[in-house]
Amino acid sequence: MSELRLYNTLTRRKEVFAPREPGPVRVYSCGPTVYGHAHLGNMRPYLFADLLKKTLRYFGYEVRHVMNITDVGHLVSDADEGEDKIELAAREEGVSAWDVAQKWTDVFKADLARLGVEEPDIWCKATDHIEEQIEMIRRLEEKGFTYRTSDGIYFDTSRDPHYGELARLNLEQQQAQERIGGTTDKRHPSDFAVWKLSPEEGPRRQMEWDSPWGRGFPGWHIECSAMSSHYLGESFDIHTGGVDHIPVHHTNEIAQSEGAYGKRPWVKVWMHSAWMMFEKAKMSKSEGTTVTLDHLIEQGIEPGAYRFFHLNAHYRQQTSYSEEAIEGSRAAYQRLVRHARELRGGSDSRGADLVEGFRARFRAALADDLNAPQALAVTWEVVRSDSLGSVEKWRLLCEFDSVLGLRLEGAAAVDVETDARIDALVRERDEARASKAWARADELRDQLREEGIVLEDSRKGTRWHRA
Ligand code: AMP
Ligand code: ZN
């Protein structure tokens, strides 16, 4: 039996995973800031967290998963400067900050569902937990970790001898942070706001609350410290996020939580997914290059193909997104779905004695810090094997898919005959359009629409998918 080994950013090593306590493995994932449409890169940390969760279950653990929605307090700059991203979006869109947050939360959740990312056991919004955050700041204040500046209450990082351990921060990096920006009356460049006071001048904030320190709003980092421990306890097993969270957000979460609760390490295993580059540029919502899941679907690329794209790279490996890359993943994903369709309902049973060997190799791949590309390679070996019968292949495929999350069982259930018939109707419509028989083309389009088929016309011809 392979033991599950996970790479811990805190120790920079792969470690054999052992939960802190009997009972469910307690996992917290940093969720999105809901001020705009999440792009494809934003989905990576959640696809990764889903793989982690499904793997833990495959290894026999129960999981308690909590994920937050940042709907207040994340400023345009991570250095506590600039406007709140949500208030800014509200002004630009001419709607309320609450509506902005609700709208993008709904869109985000719908995107996760389309990708087959399971919902956490608990969703928590920063604005629903202001009391818990105030309580945590009060605790930090009592222990002497905070001080007041002209614009808020700050965490004094010099009071924490372990500050920056996760990111291996050094003084040089901290000075670099200072150059990026920082309030003038902060004591140290790495100090960060736990409570920001509403500005006395300028437009009034829509989201603000009374607190022992004055009217204002919580800093971004305090929400994750307060909510994770509220739901998972003062110390827990695994915390996930993107690599960009390491130097500031997670570093500050650790400082606050270890300061408030006095437990070290606050979280046993820190896991981070790597960046996805987009045609050589870093894809960030804040930088404006946004390809969304909707764009993919409009091009006739199924969400499953995008999930497959990510399974082809290790979660700690930087990936590069391009049209060619996603087309390649799509073709491979569809091949796998075709295999699944052929295997489903088969009755040829052979090679039962080989099943355990395939299973052990699949498990070993996952045990090695969630090596999904390797796990996929074993999956291909199963479907292509000459020694296994369709019964054994189908059983293994469904079992493996409980981790891969490609929903192969559902995809295989779609009737192949229907697909062939729809292909033919789409071709007929293309021919009608080519010969300018518009009425016939429209008739066919309407017929297809009634069957729930969405057509996407492009230079490369017409593609279709089910609504
Ligand atoms: P943003 O709203 O741009 O701050 O992104 C929210 C989160 O999504 C970040 O904290 C990252 O962890 C993740 N993320 C954003 N862009 C990418 C990307 N191109 N590749 C992987 N993860 C990303
Ligand atoms: Zn967080």
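**Zinc site**

I looked up the spacing of the residues that donate to the zinc ion (ligand 2) in this predicted model, and in sequence it reads C-x193-C-x24-H. I took donors to be N, O and S atoms within 2.8 Å of the metal (3.2 Å for Na, K and Ca), and I note that water is not among the atoms, so sites may look incomplete. The protein donors of this zinc ion are Cys30 through SG, Cys224 through SG and His249 through NE2, and they lie 2.0 to 2.2 Å from it. The two cysteines link distant parts of the chain, 194 residues apart, with Cys30 in the loop between strand S3 (25–29) and helix H1 (44–58) and Cys224 in helix H6 (residues 220–232). For these elements I used DSSP runs numbered from the N terminus, with helices (H or I) of at least four residues and strands (E) of at least two.

Cys30 is buried at 3%, and Cys224 is buried at 1%.

**Conventions**

I kept residue numbers running from 1 along each chain as its sequence is written, with chains lettered from A and ligands numbered from 1 in the order in which they are written. Local features need pLDDT of at least 70 and side-chain atom pairs count only at pLDDT 80 or more, while totals for chains, interfaces and linings use all residues, and side-chain values use heavy atoms, with hydrogens and water left out.

**Overall fold**

I counted 16 helices and 18 strands in the protein. Its radius of gyration, taken over C-alpha atoms, is 25 Å, close to the 23 Å that the globule rule gives for 467 residues, so the protein is as compact as a globular protein of that length; the rule is 2.2 Å times the number of residues to the power 0.38. I also noted that 55% of the 467 residues count as buried.

**Backbone details**

I noted that most residues other than glycine have a negative phi, and most peptide bonds are trans. The bond from Arg264 to Pro265 is cis, with omega near -10 degrees, and Pro265 sits in the loop between helix H7 (246–261) and strand S13 (267–273). Arg407 has a positive phi near 55 degrees, lies in the loop between helix H13 (390–404) and helix H14 (408–413), and is partly exposed at 45% relative accessible area. Lys436 has a positive phi near 60 degrees, lies in the loop between helix H15 (416–434) and helix H16 (438–450), and is exposed at 59%.

Note on methods. Buried means under 20% relative accessible area, exposed over 50%, partly exposed in between (1.4 Å probe, protein chains only).
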